[in-house]
Amino acid sequence: MSAELPISSADSNAISDGAAFVTVFAGNQMFGLPIGEVRDVFKPAVITRVPQSDGVIAGVLNLRGRIVTAISMRARLLMDAAPDGSPVMAVGVEQDGELYGLLFDRIGDVLTLPAASLAPNPANLAAAWTGLSRGVFRLKEELMIVLNVPEVLRIMQGAQASTKA
Amino acid sequence: MRGKIMDDLLSEFLTETAESLEIVDSELVRFEREPGNRDILSRIFRLVHTIKGTCGFIGLPRLEKVAHHAETVLGKYRDGVIPVTQDGVTVILKSIDCIKGILASLAQTQTEPAGDDSALLEALDEAAKGEALVAAAPAPAPAPVEAPAAELSRPLKAGEVTLDELEAAFRSAPGPQEQKAEAAAPSHAHALAQPEAPETAKTETIAAQTLRVSVDVLEDLMNMVSELVLTRNQLMDIVRRSEDSEFKVPLQRLSSVTAELQEAVMKTRMQPIGNAWGKLPRVVRDLSTELGKKIELVMTGAETELDRQVLELIKDPLTHMVRNSADHGLERPADRRAAGKPETGTIRVSAHHEGGHIVIAIEDDGRGLDAAKIRAKIAERGLASDDELKRMSDAQIYRFIFHAGFSTAEKVTNVSGRGVGMDVVRTNIEQIGGAIELSSTQGQGTRFTIKIPLTLAILPALIVGTAGQRFALPQTAVAELVRVSAESGSKIEMIHGSPLLRLRDELLPLVMLNEVLGISGASRDLTQIFIVVVDLGSQRFGLAVDAVFDTEEIVVKPLAAMLRQLPLYSGTTILGDGSVIMILDAASIGQSAGRGETDNAAKATNDNNAASGHGEAGKESLLLVRAGDVKLMAIPLALVTRLEDVDAARIESSAGRPVVQYRGRLMPLLPIAAGQTLRTEGKQPVAVFTDGERSAGLAVDEIVDIVDERLVIEMRSGIPGIAGSAIINGVSTEIADVSHFLVQAYADWFERKAPPGAERNLLVVDDSAFFRNMIAPLLAAAGYRVTPASGPEQALRLKEQGVKFDAIISDIEMPGMDGISFAMAVRNDAQWGGTPLFALSSRNQPADVERGLMAGFNAYFAKADHRGLIACIDETLAPKGVAA
């Protein structure tokens, strides 16, 4: 349930020399979250759906007495929904004093990577993803996209208020 | 420029002075009435004197000057040198206002604003000498009081002095009255008037027992207690499930301590309601001067406490209501005398606790509400028909004053009558889960009663379920729970497709919770559902749910930023079992479900009637598009059959007009805006209008959105293709006049397609131009020729001109002659008597339908049901078509 990760006090922007990332997976794609922005890693308990909310919002849940808004990262990344009953893990992030849980399929290792090897977004990266990405690391086996957390949380305000009720 | 210490000192000064000024305000009003009361005067004098002293000390010359001059006048009053006059008090109140203004700006900018107070100072000097009994030399307001080298308990610069010493310094600072009285020899020994001394001592002891705590600290405490309550609830839940737990006893203790702690913390947030009343005496005093009325304000129960959050929220509504009572409620002295009442009118404001609520009453002994005048106003505004008005009781009539834009004040005064008022008051009170009621007796007065919850942080809620999900509904909104069954005498009826609950002798609109929330899987069996009767004062409806669980004290947590724009919820909460559930906002559920028709249908007294009075007041689904030079344009979605992306390469030209092959036929394409060119490559977005086999396409540059908006159209003539403009989502948007385009397209069609003789003339009577424009193309598309009329009067003129129609379609609610009277007039007419008449109205309660049919309409349709209308016209006119 609780975080087993060392919560680094290092500034999240300190990609300067060596930076640590929590790796997460949505589908087969690996993403990295700067460890300084990760508050928690947990297996979400019951998620209460919020009718009429944006499709990206999976619902709300209780994390040790605080209310967390759960964001389906698959929906946020415009990927197909995972089949029912698939395992879900959440990465807790905080913004403006509110807690958000980013839902991924699974959580990987914590990687420390040389900042110099962060490459800009490849030109063929899906347009929907470029806005959410800070760049990519070319790992031996795969590409890791570094997520831009504030952008991920910038979910169109009022988007669904204007559609038909 | 200022050091930190100075800033702290300044902020402390601001807080204290603000409090002092509140007191001065009301004390002065009291003093005016009891000019002989030296106690009050001494208090006022001391407060102003303290302000003056502190100003000089901190270095605020402008503030000090005003305070000093005011003090001079007060000093003379205190010493009995000049008599207290109303004008004098007015000038002092003005200077208090001036001081407040400077303080407000100080709080923002940390510096004293520049400004010229010389007029005020002169007036004060005038007051000081003008009616002086003793020809005293005017106190010449000299240099600032000698700045006492004192500081408020913490070190400042070199001279460190205690608060007491500072106080002493203030007291001994020479007031101007002393300079005058004891010209050259200022003696500090008896600076204070004798009777003040013991009282000052008393105040000081009280002050020592209280301390200032910042609101943030209290909020934090409250949050922590909320967490504690939640954890307690969770523990209780666990223990309840396990038999015989050794935790039971300690948990009981924890529970009771938690409850006490919760109460204690709540108490710290409680403030006497008198804090919200502090301004009232001054407000009433100013009003009585302004309006030339004699008003006495009686306040009782000022010590009744409520949560400071709630207190803040009701401050303005309360003030507004008292102003209203003074302006509308109370009569002028002469009128009162004539009515055999004392000249002085009384406004009573009282408060008391009742259960978990505080009840505030505002009462006046004035003329009472004039039901006849309100009736006239309702009729004038077209908010209800004459017939309905006749059936309404006075109490129902009175409720119209809570209506937006409703004011019966004959002339707009400075005080009220601007038509924004009681509706805002009602909205504010309902927003915090309160209710407002009123009773009035003509000639004797009016009484408003407000009932509001003591706190918003923790509230009892009913947990309800639909489609397997649970939601919390604040108990304040719940009137009763009903199980639908034959025995209980309540049953559900379907009228025009909308379900209604018949409860005793009341007919309530029924709102399906799952439908409002847009979730499926709720029980369809109407005998299995529970109905929560929601009563918000202004709206009453039945909320259908699948399950009702228990009630729980829930801790309200604000919605996450991402969910805040959802109107259906007012917050989130964690239940005892640890699950998170959403708190429903009863008012917006009623609104979103009822399209404004959430009111008690049987009573049919308020808002919705206004909404339905004009066709365009209800919510319309609109297609927002962008095209040509026009920024945003809206098309009523009801008219659009589908949206297509037409391949630009397929756009052809026929007789110089763009057309496209669509479903095996040629469909004309019309650009919707001026300066718009059709695409030559890629996809051209088109809104398609179809009726039968005919189609026309309106080409747009981009389809932006679909919105549900309440349309308020400001009509604009002259631009073809644009019906007018309206504000949609805060943006000025042009509304497309679809009829204009369809007539362009259908002109050829009629020539080529319309079978000869099939054309019939219809008369459409509706006061709403928007609606006429909407229905006309639909009827035209169905092969009818439409003559619009803006009202029965215009229609009857056509009759007098000898024009004949094959059928008449009329709205019901119209200003002037309404649809019912119109139908009767038509039926009784030799010339038009046999013409089929169809009613098309947004009011379609069974009683309305019955009334329409009684009046002579052949059929009655809801405004949205244009298909039904056209089918019915087709059917009615078809047999005659052969003969024609």
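Strand E5 (residues 66-72) and strand E7 (residues 98-104) of chain A run parallel and are joined by 5 bridges. Helices (H or I, at least four residues) and strands (E, at least two) are DSSP runs numbered from the N terminus, and two strands count as paired if DSSP finds at least two bridges between them. Within this pair, Ser72(A) has Leu103(A) of E7(A) as its bridge partner.

The model is predicted, and local features need pLDDT of at least 70, side-chain atom pairs count only at pLDDT 80 or more, and totals for chains, interfaces and linings use all residues. Residues are numbered from 1 along each chain as its sequence is written, while chains are lettered from A and ligands numbered from 1 in the order in which they are written.

**The sheet of chain A**

E5(A) and E7(A) belong to an open sheet of 5 strands in chain A, with the order E3-E6-E7-E5-E4 and mixed pairing. Its edges are strand E3 (40-42) and strand E4 (57-63) of chain A, each of which pairs on one side only. On average, neighbouring strands of this sheet are turned by 30 degrees against each other, direction ignored; the axes behind such angles are lines fitted to C-alpha atoms, for helices over the stretch in contact, and angles run from 0 to 180 degrees between N-to-C directions.

Three of the strand pairs can be set side by side.

| Strand pair | Sense | Bridges | Residue pair |
|---|---|---|---|
| E5(A) and E7(A) | parallel | 5 bridges | Ser72(A) and Leu103(A) |

Chain A has 3 helices and 11 strands, and its elements run β-β-β-β-β-α-β-β-β-β-α-β-β-α from the N terminus on. Chain B comes to 27 helices and 35 strands. A residue is buried if 20 or more other C-beta atoms, placed from the backbone, lie within 10 Å of its own, exposed if 12 or fewer do, and partly exposed in between. Of the 165 residues of chain A, 35% count as buried; for the 884 residues of chain B the value is 40%.

Two residues are in contact if their C-beta atoms, placed from the backbone, lie within 7 Å. In chain A, 55% of the contacts between residues at least 6 apart in sequence join residues at least 24 apart. In chain B, residues 24 or more positions apart account for 65% of the contacts with a separation of 6 or more.

**The contact between the chains**

The contact takes 24 residues from chain A and 29 residues from chain B. On the side of chain B that touches chain A, helix H9 (215-241), strand E17 (569-574), strand E18 (580-584) and strand E27 (702-710) each supply at least two residues. E27(B) gives the largest share of that side, 4 residues. By class, the side of chain B that touches chain A has 15 nonpolar, 10 polar and 4 charged residues. Here Ala, Val, Leu, Ile, Met, Phe, Trp, Tyr, Cys and Pro count as nonpolar, Asp, Glu, Lys and Arg as charged, and the others, Gly among them, as polar.

**Nonpolar cores**

A nonpolar core is a set of buried Ala, Val, Leu, Ile, Met, Phe, Trp, Tyr and Cys residues joined through C-beta atoms within 7 Å. The largest has 96 residues, of which Val91(A), Leu102(A), Leu473(B), Leu543(B) and Leu584(B) touch the most other members. At least three of its residues come from each of domain 2 (215-270) and domain 4 (458-613) of chain B, with domain bounds taken from an automatic or database domain assignment. Leaving aside neighbours within four places in sequence, Leu543(B) is in contact with Val511(B), Leu513(B), Ile531(B), Val532(B), Val534(B) and Ile589(B). Another core, of 42 residues, lies apart from the largest one and includes Val284(B), Leu306(B), Met321(B) and Ile374(B).

**Two sites in chain B**

Thr573(B) is found in strand E17 of chain B and counts as buried because it has 23 C-beta neighbours inside 10 Å. Not counting residues up to four places away in sequence, Thr573(B) touches Ala472(B), Ile554(B), Val555(B), Val556(B), Lys557(B), Ile581(B) and Ile583(B). Gly802(B) is found in the loop between helix H24 (792-800) and strand E33 (807-810) of chain B. Gly802(B) is exposed, since 7 other C-beta atoms lie within 10 Å.
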